[in-house]
Amino acid sequence: MGSRFMIVNPSSSVINLTDVYTLNESAAFLLSKCLECESFETADLAAWLLEEYGIDAELANADAAATADEWLRLELAES
């Protein structure tokens, strides 16, 4: 979808296309990194953002926390 990426909620036992979400490039990057790991924390998300995009630590931490909160809210991740 251009610079957007789509994901179907993996927590559903049956594919429900009403649970389709779009991710921007940085969220898709983070999700791909998370899928390579057995587990991850918000600090990992921030470190990956710093490494990939070269943004300052404060922004990386804020973006990582916002992303983690949104994934938890949408049940795309577990705490």
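Axes are lines fitted to C-alpha atoms, for helices over the stretch in contact, and angles run from 0 to 180 degrees between N-to-C directions. This is a predicted model, in which local features need pLDDT of at least 70 and side-chain atom pairs count only at pLDDT 80 or more, while totals for chains, interfaces and linings use all residues. Residues are numbered from 1 along each chain as its sequence is written, and side-chain values use heavy atoms, with hydrogens and water left out.

**View 1. Helix H1 packs against helix H2.** The angle between H1 and H2 is about 120 degrees. Their axes lie 10 Å apart. That angle makes H1 oblique to H2 (under 35 degrees counts as roughly parallel, over 145 as roughly antiparallel, 65 to 115 as roughly perpendicular, and the rest as oblique). From H1, the residues in contact (heavy atoms within 4.5 Å) are Glu 25, Ser 26, Phe 29, Leu 30, Lys 33 and Cys 34. They meet Leu 45, Trp 48, Leu 49, Glu 52 and Tyr 53 in H2. By class, this contact has 7 nonpolar, 1 polar and 3 charged residues (Ala, Val, Leu, Ile, Met, Phe, Trp, Tyr, Cys and Pro count as nonpolar, Asp, Glu, Lys and Arg as charged, and the others, Gly among them, as polar).

**View 2. Helix H2 also packs against helix H3.** H2 covers residues 42–53, and H3 covers residues 57–73. They pack at an angle of about 130 degrees, with axes 8 Å apart. H2 is therefore oblique to H3. The crossing of H2 and H3 is right-handed. On the H2 side, the contact holds Thr 42, Leu 45, Ala 46, Leu 49 and Leu 50. On the H3 side, it holds Ala 57, Ala 60, Asn 61, Asp 63, Ala 64, Ala 65, Ala 68 and Trp 71. The classes here are 10 nonpolar, 2 polar and 1 charged.

**View 3. The largest nonpolar core has 20 residues.** Such a core is a set of buried Ala, Val, Leu, Ile, Met, Phe, Trp, Tyr and Cys residues joined through side-chain atoms within 4.5 Å. Buried means under 20% relative accessible area, exposed over 50%, and partly exposed in between, with a 1.4 Å probe and protein chains only. Leu 23, Leu 30, Leu 45, Trp 48 and Trp 71 touch the most other members. Strand S2 (20–23), helix H1 (25–35), H2 and H3 each give two or more residues to this core. H1 gives the most, with 6.

**View 4. Ala 66 and Thr 67 are found in helix H3.** Ala 66 is partly exposed, at 45% relative accessibility. Its C-alpha atom is 9.3 Å from that of Thr 42, 24 residues apart along the chain. Thr 67 is buried, with a relative accessible area of 17%. The C-alpha atoms of Thr 67 and Ala 46 are separated by 9.9 Å, and these residues are 21 apart along the chain.

**View 5. Glu 75 is found in the segment after H3.** Glu 75 has a positive phi of about 60 degrees, although it is not a glycine. Glu 75 is exposed, with a relative accessible area of 52%.

View 6. Helices (H or I, at least four residues) and strands (E, at least two) are DSSP runs, numbered from the N terminus. Along the sequence, the pattern is β-β-α-α-α. Buried residues make up 28% of the 79 residues.

Note on methods. A crossing is left-handed if the near helix is turned anticlockwise from the far one by less than a right angle, and right-handed if clockwise.
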